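Visitor: I have not looked at this one before. Can we go through a few parts of it?
Guide: Fine. Here it is.

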Amino acid sequence: YRDDDDINDVTSMAGVNLNEESARIMATNSDLVGTQIQSCKDEPFLAAIPLHKRILEMAKKLGITDVPAEVVTFISHATQNRLRTVIEKVTVITQHRMESYKDDEWYEQATDVRSQLKFFEQLERLEKQRKDEQEREILLKAAKSRSRQEDPEQARLKQKAKEMQQQELAQMRQRDANLTALAAIGPRKKRKLDSPGLLTVGGESLGMSGGSQAGLGTPSSRQYARQKITRVNLRDFIFYMEQERETSHSLLLYRALLK
């Protein structure tokens, strides 16, 4: 039956000797044989001691006197996972809010509320200016009047006209002083930023030759990419809580809506 065993032995048919391969593996990885590989240390997300005290206080109300450390670690990891999920969802909501569709060819602007508000603000400003002009004319007429018998209302208008003239004179003097100061300072020069052959250190410009540029790297490599910051506001968080089933009817949502 030895011939049948040789036919069924695939390794011998391929010319592989298992004893030699095992001896070679043991000789090569002898330092790893018998060693135990462990994962990195499990660091809890929350402080273990205060969290354990808080869990014990809540457990005593339910008649539980002992809470093992594994429960504290599990709750800490669950809190970390929950917080990561909330931050990811709120970040997506904020990014959607910050998206602009003005340059998208598939969208057409139907209304422009900002332009309408500016138009109404301009109307209110013109109306206020017209009322101020009317009041100014009334005050000037009252100041120019020279009636011998003046009533208290006429005296009040004259006093108000005098105060208005003094205020206008003070504004004119302040404007003239500002213009004089700007003329003395001269035109402001803009500093050149990110110039390829200029390095600014402590407010002093240091020129660099070709060799020094080669040592510090090319100008494109020295320009650091500006990190994009996503700012989440209260409105984004309220929208997130309204969409979630756990927080859509919670007291925290109503408190946030009242702020």
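Visitor: Which residues of α10 are buried?
Guide: The buried residues of α10 are D236, I238, Y240 and M241. Buried means under 20% relative accessible area, exposed means over 50%, and partly exposed is in between, with a 1.4 Å probe and protein chains only. Helices are DSSP runs of H or I with at least four residues, numbered from the N terminus.

Visitor: Before we go on, what kind of model is this?
Guide: This is a predicted model, where local features need pLDDT of at least 70, side-chain atom pairs count only at pLDDT 80 or more, and totals for chains, interfaces and linings use all residues. Residues are numbered from 1 along each chain as its sequence is written, and side-chain values use heavy atoms, with hydrogens and water left out.

Visitor: Back to α10. What covers its buried residues?
Guide: The cover includes α5 (69-98) and α11.

Visitor: How do α10 and α11 pack?
Guide: Helix α11 spans residues 251-258, and its axis is 10 Å from that of α10, at an angle of about 150°. Axes are lines fitted to C-alpha atoms over the stretch in contact, and angles run from 0 to 180 degrees between N-to-C directions. That makes α10 roughly antiparallel to α11; the term is for angles over 145 degrees.

Visitor: Which residues make the contact?
Guide: From α10 they are L234, I238, M241 and E242, and from α11 they are L252, L253, A256 and L257. Contact means heavy atoms within 4.5 Å.

Visitor: And Y240, what is the ring of that residue paired with?
Guide: The ring of Y240 pairs with that of F237; their centres are 5.9 Å apart and their planes are at 40°, so the pair is tilted. Rings pair if their centres lie within 6.5 Å, and planes under 30 degrees apart count as stacked, over 60 as edge-to-face and the rest as tilted. Both residues lie in α10 (residues 234-243), 3 residues apart, about one turn of the helix.

Visitor: Is F237 buried or partly exposed?
Guide: F237 counts as partly exposed, at 29% relative accessibility. Y240 counts as buried, at 4%.

Visitor: Different topic. At what angle do α6 and α7 cross?
Guide: Helix α6 (residues 113-144) and helix α7 (residues 152-185) cross at roughly 115°, and their axes come within 8 Å. That makes α6 roughly perpendicular to α7, a term for angles of 65 to 115 degrees.

Visitor: Which residues of α6 touch α7?
Guide: On the α6 side they are E135, R136, L139, L140, A142 and A143.

Definitions and conventions. Helix = DSSP H or I, 4+ residues; strand = E, 2+ residues; numbered from the N terminus. Parallel < 35°, antiparallel > 145°, perpendicular 65-115°, else oblique. Phe/Tyr/Trp six-rings, centres within 6.5 Å; stacked < 30°, edge-to-face > 60°.
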